[in-house]
Amino acid sequence: MAFSSGGEGPMADINIIPLCDVMLVLLIIFMVTAPKASYPIDIDLPQRSTQQPDNPVEPPEPIRLRIDGSGQIFWNDSPTPISALRNMMESEVQRDPTNQPTLEIDTNADADYGVLAKVLAEAKNAQMQKIGFVRQ
């Protein structure tokens, strides 16, 4: 239905109320039917304990593992090939499996991510549980 505004012809404005209603309904439909884009990541978090250990044991000295920009790995400041890491890690774990040393990993900003991924895979295969990243 056209209204005249006292001029010669009908008013030519578009009524946008139905358009807004349709857009809001479509928005609600898309929000309800869209799948959630969240993927769960399993993380083993420490659980709180109310009991103190019977005889606290002094933690062993941490292992400093450094990866430089060229991909060279240093185990406590001595160069080490990546093939020897697993045996070294397993021997550290088997000294006392309940009181493992912390593996402190320091990487250079220019280091290749593939080398770090191999080091982390070796640590996981050697059953190391205490791994931390440090910046020196």
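Visitor: What makes Ile 63, Trp 75 and Pro 101 contacts of Glu 92?
Guide: This is a predicted model, to begin with. A contact needs heavy atoms within 4.5 Å, and Glu 92 touches Ile 63, Trp 75 and Pro 101, with residues up to four places away in sequence not counted. Glu 92 itself belongs to helix α2, residues 85–95.

Visitor: Why is Glu 92 called buried?
Guide: Buried means under 20% relative accessible area. Glu 92 has 15% relative accessibility, so Glu 92 counts as buried.

Visitor: How do you know that β1 and β4 pair?
Guide: Pairing takes at least two bridges. Five bridges join β1 (residues 63–67) to β4 (residues 103–107), and the two run parallel. Ile 63, for instance, has Leu 103 as its bridge partner, and Arg 64 stands opposite Glu 104.

Visitor: And what joins β1 to β2?
Guide: Three bridges, with the strands antiparallel; the cut-off is at least two, so that's a pair too. Leu 65 has Trp 75 in β2 as its bridge partner. β1 and β2 form a hairpin with five residues between them, and Gly 71 in the turn has a positive phi of about 95°.

Visitor: Which residues of β1 are on the covered face, and which on the uncovered one?
Guide: Ile 63, Leu 65 and Ile 67 are on the covered face, while Arg 64 and Arg 66 are on the uncovered one. In a regular strand, side chains alternate between the two faces of the sheet.

Visitor: What do β4, helix α3 and β5 make?
Guide: A right-handed β-α-β unit, with α3 covering residues 113–125. β4 and β5 (residues 131–133) run parallel and are joined by three bridges; Glu 104 has Gly 132 as its bridge partner there.

Visitor: How many helices and strands does the protein have?
Guide: Three helices and five strands, running α-β-β-β-α-β-α-β from the N terminus on.

Visitor: Why is the protein called more spread out than a compact globule?
Guide: The globule rule gives 14 Å for 136 residues, and the radius of gyration is 31 Å, well over that, so the protein is more spread out than a compact globule. The C-alpha atoms fill a box of roughly 95 × 45 × 25 Å along the principal axes.

Visitor: How much of the protein is buried?
Guide: Buried residues make up 18% of the 136. The accessible surface comes to about 11300 Å², 56% of it belonging to carbon and sulfur atoms.

Technical notes: Residues are numbered from 1 along each chain as its sequence is written. This is a predicted model: local features need pLDDT of at least 70, side-chain atom pairs count only at pLDDT 80 or more; totals for chains, interfaces and linings use all residues. Side-chain values use heavy atoms; hydrogens and water are left out. Helices (H or I, at least four residues) and strands (E, at least two) are DSSP runs, numbered from the N terminus. A crossover is right-handed if, with the strands pointing away from the viewer, the path from the first strand over the helix to the second runs clockwise. Buried means under 20% relative accessible area, exposed over 50%, partly exposed in between (1.4 Å probe, protein chains only). The radius of gyration is taken over C-alpha atoms; the globule rule is 2.2 Å times the number of residues to the power 0.38. Accessible areas come from the Shrake-Rupley method with a 1.4 Å probe; for residues, only the protein chains shown count as cover.
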